[in-house]
Amino acid sequence: MGNIQLKWLKYMKNDFMFGIYCDNTDIQRKSAIKQMHEAGIEWIRTQIPGFPFRKPEKLEFTDSFLAFTKMIKNLRTNGFKILLITFFPSQIPESFGTYGSRKYYQNCENVCRFLAQYFERDVQYWKIANEMNLEMFRKPLTIDEAIRFLKVCGRGIKKGNPSAKVCVNMADFDETALYMYKKVYCGKKVIFDYVGANGYFGSWHPGGPHSWATVLEELYKLTKKPIVIQEWGYSSKGDFTTEEERSTGVYPCKLKKWWYKWKDGHSEKEQAKYIVEAMNVFLSKHYVIGAFYFMWSDRERCWQCGSPDCPVETGWGLVDTKGNPKPSYYAYQNVIQSFEQTSSRRNCFKD
Ligand SMILES: [Zn+2]
């Protein structure tokens, strides 16, 4: 991977968030922090473990929230900058208000205000929940209720920390995603400072790294906000379905195969090539200010179906399940190092 084509060099940037998604499991492995530093990764995108409190009347933290706070402190001590994801709509206990009620939204806003204050010294970049265009993430809210949820949460973050930057992101760019982006980012009183985008072209959706160019242009045209790619990646595992298998619409976890592939399919070699090509697209767009690769490590089991031999959620990593770097790790490292060597970086992002 030594010879990277620096197609983006003519669009010189002052700074870029080179990020990775990881969680507590990844950070607990001692080698991870060192490897991330060696790759040049400066930004971590991670998620609050659900609702922070045990009971509404007694604002006592849950154990997982306390462990999470420790992880954030550890990352900050190690020099990382954080982009933090808030709770999902269903993670607010019903005792905080019936879903969709006035009390519910008020409490969502209050909890976000609390979180922004609580992490004020450590977190400046926020994202409200995740992929609200997908039913599995916005349930039990309807699409329009989820839009209201995003807005009240965004407002809560800004009340808690007025200098915080906040975004929302959708999964891919389907009709619901574009409708929700429009409702949140177009109009008079837009709360959000930047926009998040998620896409898995060649795994979950057809296409490849080049597919990003078109959707990013459209998203920028619609929102007029700087874009941070929240999730992108290419799985290094899994066979490809036949036309016949795909036409049945059976979910990849059941088939244990991908509906889509890029070029020669899902392999470690192709994953590494994919990373270089996608980063070239991101770095060539003046309005794309950062990208978080999904994800740091391969997983022993697929989180969706629980199976160890399912390729769906097991092969996204830059390192394997034992923590050994894959070709994808070196590909990302090379892109970052080329950027460092050729740009006059000015550290534009506050941490
Ligand atoms: Zn699976």
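Biologist: Which helix holds Leu150?

Modeller: That's α6, covering residues 143-160. Helix α6 has 18 residues and runs 26 Å from its first C-alpha to its last, close to the 26 Å expected at 1.5 Å a residue.

Biologist: What else is buried in α6?

Modeller: Besides Leu150, the buried residues of α6 include Phe149, Cys153 and Ile157, and also Lys151 and Lys158.

Biologist: Nice. What covers the buried residues of α6?

Modeller: The cover includes helices α4 (102-118), α5 (135-138) and α7 (175-185), along with strands β4 (123-127) and β5 (165-167).

Biologist: Let's talk confidence. Where is it highest and where is it lowest?

Modeller: Among these elements, α6 comes out highest with a mean of 98, while helix α1 (residues 24-28) is lowest with a mean of 82. Residues 1-11 have pLDDT below 50, and beyond near neighbours in sequence that stretch makes 19 contacts in the model. Where pLDDT is low, the predicted coordinates should not be read in detail.

Biologist: What's the mean pLDDT of the protein?

Modeller: The mean is 92, and 95% of the residues reach 70 or more.

Biologist: Switching topic: how many residues are in the largest nonpolar core?

Modeller: That core has 91 residues, and Ile20, Ile227, Ile229, Phe292 and Tyr293 have the most contacts inside it. Helix α11 (residues 268-284) gives the most to this core, with nine residues.

Biologist: What does Ile20 touch, again skipping residues up to four places away in sequence?

Modeller: Its partners include Phe292 and Tyr293, as well as Met36, Ile41 and Trp296.

Biologist: Last one, the whole fold. How many helices and strands does the protein have?

Modeller: There are 12 helices and 11 strands. The radius of gyration is 20 Å, close to the 20 Å that the globule rule gives for 351 residues, so the protein is as compact as a globular protein of that length. Buried residues make up 43% of those 351.

Methods
Residues numbered from 1 in each chain as written. Predicted model: local features only at pLDDT ≥ 70, side-chain atom pairs only at ≥ 80, totals over all residues. Helix = DSSP H or I, 4+ residues; strand = E, 2+ residues; numbered from the N terminus. pLDDT = per-residue confidence, 0-100. Contact = placed C-beta atoms within 7 Å. Core = buried A, V, L, I, M, F, W, Y, C linked by C-beta atoms within 7 Å. Buried ≥ 20, exposed ≤ 12 C-beta atoms within 10 Å, placed from the backbone. Rg over C-alpha atoms; globule rule 2.2 N^0.38 Å. Expected span 1.5 Å × (residues − 1).
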